[in-house]
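Hi,

Here's the structure I promised to send over.

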Amino acid sequence: MLFSLLCTVFRTPLLALLGTDAQTLDATMGYMNWTVCCGALPAILNVVQSYMVRSEGSTLHASIGTMSGCLLNIVLDPIFILPWGLNMGAAGAGLATFLSNCVACLYFLVLARIKKGNTYVSMNPRLLRRLTDKQVLNILGVGIPAAIQNLLNVLGSTLLNNFTAPFGAAAIAAMGISQKLYMIPMQVSLGFSQGIMPLVSYTYASGNRARMKQAIVFAMRIIVVSMLVITVGYCLGAPAMIRAFMDSEEIIGYGSRFLRVMSLGFVFLCTDFLAVGVFQALGMGRNALLFATCRKVVLEIPLLILLNHFYPLYGLPFAQLITKVVLSCMGIVMLRRIFRMEKPH
């Protein structure tokens with residue numbers, strides 16, 4: 001709620017900082033009014049409740065709640081956006097997202113009510129008084145590094161857009177499309193790292209190091225093989241994938257080169273995410289913060305500036321690739337150390 005209030009009060013300078021101009025300001029503000037000013041609370045509650053439900057092993061309910069919002073969004077988007085529907089444009093897309101998040105949030109609230117007495121998940125704010133100082137510190141120790149990581153991701157995306165902008169609308173469109181396609185395997189990798197977190201936490205707390213290691217290695221084998229297959233598909237099908245979004249030879253030319261470079265980092269990306277997921281599951285907030293800092297502040301952002309100077313535009317995707325290679329190597333080293341940790345007494 002505080003975030004919504006601040007974004008509402010300072011939205012004009014905020015949007016200018018993020019790269020909007022006179023042509024995109026109205027559309028961006030219309031989308032932001034629904035998704036941030038009005039929609040930040042249901043969007044975050046949707047995600048938080050999904051994690052809580054999943055932590056108890058109810059992966060089916062977590063998936064139903066999340067997917068119900070996603071599917072509803074897909075249905076509502078054309079109705080609210082296009083001329084044959086409500087013709088609201090970008091504001092319609094924001095409204096569709098807002099309503100979808102509200103529906104998903106409502107699903108989890110009803111689920112918590114139905115399972116009352118058989119679940120530890122509760123939305124009763126009075127229970128916050130039972131939290132101990134140690135519990136609060138443990139939550140913040142994992143949550144703050146994750147929040148910093150997401151903020152740095154936004155900063156990296158803003159710099160990427162600003163560096164691409166001088167090369168024209170076609171380059172911006174190609175980079176945007178490539179980033180959207182890049183997010184598909186990225187979300188798959190993120191799903192694996194988050195899905196394994198409860199099991200890693202339970203086995204670590206019980207002292208069952210062998211099962212913890214088996215779970216991590218099993219997840220890594222599946223995701224690495226999957227990312228290798230996706231990498232081949234992206235490299236071979238890059239032009240067709242870009243064309244599916246916009247049939248422009250200039251955009252396809254830019255986008256194909258961007259996407260092929262980005263796809264080379266998929267295998268390293270999943271290793272990075274899996275390592276961070278393990279750190280968060282074990283309460284190792286410092287390790288997660290180290291990765292977040294190295295990912296953006298030490299590696300990606302300086303590389304964006306450096307590569308854009310020596311290899312304008314086409315050097316930008318290499319910043320992500322180099323960053324993922326370095327972090328995956330760091331992740332493997334740290335995971336090996338975790339595997340060798342002694343059992344708690």
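Below is what turned up, starting with the ground rules.

This is a predicted model, so local features need pLDDT of at least 70 and side-chain atom pairs count only at pLDDT 80 or more, while totals for chains, interfaces and linings use all residues. Residues are numbered from 1 along each chain as its sequence is written, and side-chain values use heavy atoms, leaving out hydrogens and water.

Helix α12 spans residues 266-281 (helices are DSSP runs of H or I, at least four residues, numbered from the N terminus). Its 16 residues reach 22 Å from first C-alpha to last, close to the 22 Å expected at 1.5 Å a residue (the expected span being 1.5 Å times one less than the number of residues). The helix is largely enclosed by the rest of the structure, because 15 of its 16 residues are buried (buried is under 20% relative accessible area, exposed over 50%, partly exposed in between, with a 1.4 Å probe and protein chains only). After α12 comes G283, with a positive phi near 75°.

Two residues other than glycine also have positive phi. N87, at about 55°, sits in the loop between α5 (59-81) and α6 and is partly exposed at 48% relative accessible area. L313, near 70°, lies in the loop between α13 (285-310) and α14 (316-339), but is buried at 2%.

One more loop residue to check is R129, between α6 (90-114) and α7 (133-164); R129 is exposed, with a relative accessible area of 71%.

Cheers
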